[in-house]
Amino acid sequence: MPQLAIVGLGGVGGYFGFKLAQKYAGSAAASITFVARGETHALVQANGLTLLSPEHPVSVTHPAKLVETVSELEDAQIVIICVKEYDLESVCTQLKTKIQDHIVILPLMNGVDIYDRIRRIIPNGIVLPACVYVASHIKEKAVVEHQGNPGRIIVGNDPQRPDYTPHELVSLLADAEISVEYQADASPAIWTKYIFIASFGLVSARYNKSIGQVHDEPLLHERAQLIMREIAAIARRKGVALPANIIEQTFQKAASFPFHTPTSLQLDVQSGKTNTELELFAGAILNYGKNVGVPVEETRKIYSEIRELPAASLRQARKPARP
């Protein structure tokens, strides 16, 4: 029986973890373990995990097993990582000794450098590049709220292990009524999403403006477009097959959102949150740009501007940025 572990019960992990735990509760087909810390662990242990979603009339489920740290995992054959990017290295360091060659890691996270960052710490096992779409968030500890379209996962092959295809994992996810698509090369899907979330995230955070405002206001639109061009140039230099009209497609996608929709980076930066995904967006562009020889001056400029914002400056005084 496959043993699956969900690491992190935020908006992403809570949504997909709920579906898996509810589907396979008491089943011989799979066993689901949740990894959750502190108060979330205590609340799930006492009351279960709640998912408020039109997809599930029964809103509470319990995993087969619940632990507080990945170091407590035993016999997990598939590890689904759903943490924020700033927790990734810590989780991988704890996981490293648990990962044998047959164990599969599926990171459901934003970003184009997630695979590379995992591989720098965990050289063995099977790491599946993936792209995830889901409109869900933590309403309160151990309670996740989902709205909009069903969550969706695109999963591809590990470039380091091209012999392995994730058909069993895809079937387990699909049987839990998770929309999942297998693509041998998931890179185009990952970079396509990243062009949108990084460009709109950075510009909206810099100006505290919504997705609709970034789309419509000429200066903001131009800056987002310049960032998109830099990301697209990096992707193509790395051999990623993006559509010729990727920038036009990205603005069309933005226009489909309600006008006043904020981005998560905007909310975090403007609130002075200690940890944000600024490095996930700007840091990755700067690093890849340097590595493949693509100038990224617009990204460098807006990265510096965001770090100099009053809320960001206060945050940086508390915690130095990662180089």
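Author: Helices are DSSP runs of H or I with at least four residues, strands are E runs of at least two, and both are numbered from the N terminus. By that scheme helix α5 spans residues 167–175, and just after α5, E177 takes a positive phi of about 60°. The model is a predicted one, where local features need pLDDT of at least 70 and side-chain atom pairs pLDDT 80 or more, while totals for chains, interfaces and linings use all residues. Residues count from 1 along each chain as its sequence is written, and side-chain values use heavy atoms, with hydrogens and water left out.

Reader: What makes you call T61 buried?

Author: T61 has 5% relative accessibility, and buried means under 20% relative accessible area, with exposed over 50% and partly exposed in between (1.4 Å probe, protein chains only). T61 therefore counts as buried. You'll find T61 in strand β4, residues 60–61.

Reader: And why is H167 called partly exposed?

Author: H167 comes out at 48% relative accessibility, so it counts as partly exposed. H167 belongs to helix α5. H167 and Y182 sit 15 residues apart in sequence, with 8.2 Å between their C-alpha atoms.

Reader: Which residues of α5 are buried, then?

Author: L169, V170, L172 and L173.

Reader: What does T61 touch?

Author: Leaving out residues up to four places away in sequence, T61 touches F18, A21, Q22, G48 and L49. Contact means heavy atoms within 4.5 Å.

Reader: What makes the T61 and Q22 pair a polar contact?

Author: The backbone nitrogen of Q22 is 3.4 Å from a polar atom of the T61 side chain. A polar contact takes N or O atoms within 3.5 Å, one able to donate a hydrogen and the other to accept it (sequence neighbours count only if both atoms are side-chain atoms), so this pair qualifies.

Reader: How many cavities of 30 Å³ or more turn up?

Author: Two, from a search of the whole structure. On a 1 Å grid over the protein atoms alone, a cavity is where a 1.4 Å probe fits but cannot get out, a pocket is an open set with protein on both sides within 12 Å along at least five of seven lines, and lining residues have an atom within 4 Å of a point.

Reader: Which element gives the largest share of the lining of the largest cavity?

Author: α6, with four residues. Both β9 (130–133) and α6 (187–207) supply at least two. In the second largest cavity, the largest share is three residues from β1.

Reader: What about the second largest pocket, and which residues lie nearest its centre?

Author: V112, Y115, P129, S187 and W191, out of 23 lining residues. α4 (114–121) and α6 each give two or more residues to this lining. The volume of this pocket is about 420 Å³.

Definitions and conventions:
Grid points are joined across faces, edges and corners, and a volume is the space filled by probe spheres set on the points.
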